[in-house]
Amino acid sequence: MKVTLDIWRQDGPDAEGYFETHVMEDVEPELSLLEMLDQLNDEIVEAGGEPIVFESDCREGVCGCCGFLVNGKPHGPLANTPACRQHLRSFPEVTHFTIEPFRSAAFPVIRDLAIDRAALDELVEAAGHVNVMTGTAPDADTVPQDHLTAEQAMDYAICIGCGACVAACPNGAAMLFAGAKLAHLAKMPQGKQERSRRARKMVSMLDENFGPCSLYGECAVSCPAGISLTAIATVNKERWRSVLRGRHSRET
Amino acid sequence: MSVIEKARGQGDTVVRPKLNQHPSNVTLKLIMAATGTIFVLFVFVHMVGNLKLFLGAEDYNAYAAFLRTFLFPFLPYEGLLWVMRLALGVSLILHVWAGLTIHARGRKARGKFSRKGMKKKAWFAKYMVVEGVLLFVFIIVHLLDLTIGRGVASSEFEEATYEMVGNQMVVHAHAYENLVASFSRPWMAAFYTLLMVVVALHIGQGGWNAINDFGGTGPRLRKIWLIAFLLIALIIMVCNGALPMLVLFGVIS
Ligand code: SF4
Ligand code: FES
């Protein structure tokens, strides 16, 4: 099939960006969006140009590296699917692609489609982890956790950290990401211990880096891990719970 | 200059401005949810009061009088009304301040490239600010029209008065006549009815925001809350929206 691509080129963080148009005469519909860019890069290099910079690693939807805006939508036309898993055959009606980096003040462009997602790392550093002395591995059943809770925790643990939720948000918020971390860890025996402190740190880091939530609900549409919008309520719930528990409660 | 020149745009460092938003966005959203819920409850009770129009002028004016003499002599004339005005006024200021702050912060956090290609459902969230501005105008018009009786009010507007008969306070309310006079003007009736659609949109989306801001995570709670707010929005739109039309077309006069 023949496709037209308007692709964002930007030489560096401080450089002016611009759209560059490429027409690809013959693209297999079986290609994913990333493979289409691979092929385009081959053509560009052959012609002596600079290839388009974009990130990818696993290409099977688990690493969270890939991602850019395709016609305004994070990752591409399909909902809840990472760019590496979006194949042209799934949307044959789309033959004109406008491809830009994830847009958000929190995600500055490094080059072309590659962005700096360190703002998400800061959330994890601040509150997306557990601090426990593990010692030797405990016996399997010494800390019981029922199946349903474990599954619910898993539903939130599957966030791949791609940042599509932030790029999807007209407010540049990271509530879905933060909520996924809080909901996941609050349900785990190891994570429960710092539940209140974690919520406070998470929210203050959100306030440093990201915008407010107006509940557009776009994040949950774009999220390749299918994190539910309930994660947003979780951020608020965990934060208010920490107020009620008090700053000095044993649990902290 | 060395022989190897810096490649275009390379070596530049990535800078990410910190937003440092205080008070927290979570706090602002809670303020909006709490004050918004107060408004929804108020508007609903107000609507129930409006329905007394169907009982006729006497009952309607008696209700207006009741609101002014409520708990007399423990509360002065219009005591209840002033308590409500104060509470609602403070809520309004907080709600508008938080809403505008969130809007401004959202624009800043997004940066210079606005979001495109959103699903249709996102429009409900998108137009909340516009609706808010319209509702603010509505509140002012409504107060001028039927409470203060200046500016946009009808020429027949008459303020409620009271006199003391012994220990009893007797109120002469003209709420019914004022309302009929105002809604007999087609543009005013249309304005009220149209704004009730805006009210419904704002309450529907606002209710969904509120349960998230209050931190309601249970699936059943979220569903029931949303349905309840949508129902309230619908009832308010239909009942309040119909009244000006009924007056305009002479069903109520
Ligand atoms: S919540 Fe979803 S969209 Fe956001 S970073 Fe995680 S996987 Fe990506
Ligand atoms: S490349 Fe790993 S998720 Fe797409």
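User: How do α5(A) and α7(A) lie to each other, roughly parallel or roughly antiparallel?

Analyst: The axes of α5(A) and α7(A), residues 195-209, cross at roughly 170 degrees. The two helices are therefore roughly antiparallel to each other. Angles under 35 degrees count as roughly parallel, over 145 as roughly antiparallel, 65 to 115 as roughly perpendicular and the rest as oblique.

User: Within what distance do the axes of α5(A) and α7(A) come?

Analyst: Within 11 Å. Axes are lines fitted to C-alpha atoms, for helices over the stretch in contact, and angles run from 0 to 180 degrees between N-to-C directions.

User: Which residues make the contact of α5(A) with α7(A)?

Analyst: A:M175, A:A178, A:K181, A:L182, A:L185 and A:A186 from α5(A), with A:R195, A:R198, A:A199, A:M202 and A:L206 from α7(A). Contact means heavy atoms within 4.5 Å. By class, the contact has 8 nonpolar, no polar and 3 charged residues. Ala, Val, Leu, Ile, Met, Phe, Trp, Tyr, Cys and Pro count as nonpolar, Asp, Glu, Lys and Arg as charged, and the others, Gly among them, as polar.

User: What kind of model is this, and which pLDDT limits apply?

Analyst: It is a predicted model, where local features need pLDDT of at least 70, side-chain atom pairs count only at pLDDT 80 or more, and totals for chains, interfaces and linings use all residues; side-chain values use heavy atoms, with hydrogens and water left out. Residues are numbered from 1 along each chain as its sequence is written, while chains are lettered from A and ligands numbered from 1 in the order in which they are written.

User: Ligand 1 next. Which residues come nearest?

Analyst: A:C159, A:C162, A:G163, A:C165 and A:C223, out of 13 residues around ligand 1. Near means that a heavy atom of the residue lies within 4 Å.

User: Which helices each supply at least two residues of that shell?

Analyst: α4, 164-168, and α5, 175-187, of chain A. By class, the shell has 11 nonpolar, 2 polar and no charged residues.

User: Switching to the sheet. What is the strand order in chain A?

Analyst: β2-β1-β5-β3-β4. That is an open sheet of 5 strands with mixed pairing. The edge strands are β2, 18-24, and β4, 73-74, and each pairs on one side only. Strands (E, at least two residues) and helices (H or I, at least four) are DSSP runs, numbered from the N terminus. Two strands pair if DSSP finds at least two bridges between them.

User: In what sense do β1(A) and β5(A) pair?

Analyst: Parallel, over 4 bridges, with β1(A) at 3-9 and β5(A) at 96-100. A:L5 has A:F97 as its bridge partner. A:D6 stands opposite A:T98.

User: And β3(A) with β5(A), parallel or antiparallel?

Analyst: Antiparallel, over 2 bridges. In that pairing, A:V70 has A:I99 as its bridge partner.

User: On to chain B. At what angle do α1(B) and α3(B) cross?

Analyst: Roughly 140 degrees, with axes that come within 9 Å. That makes α1(B) oblique to α3(B). The crossing is left-handed. Left-handed means the near helix is turned anticlockwise from the far one by less than a right angle; clockwise would be right-handed.

User: How do the residues of the contact of α1(B) with α3(B) divide by class?

Analyst: 13 nonpolar, 7 polar and 2 charged.

User: What about α5(B) and α7(B), where do the axes cross in degrees?

Analyst: Roughly 135 degrees, and the axes come within 10 Å. Those two helices are therefore oblique to each other. α5(B) passes α7(B) in a left-handed crossing. The contact there has 14 nonpolar, 5 polar and 2 charged residues.

User: What is phi of A:L215?

Analyst: Near 55 degrees, a positive value in a residue other than glycine. A:L215 is in the loop between α7 and α8 of chain A.
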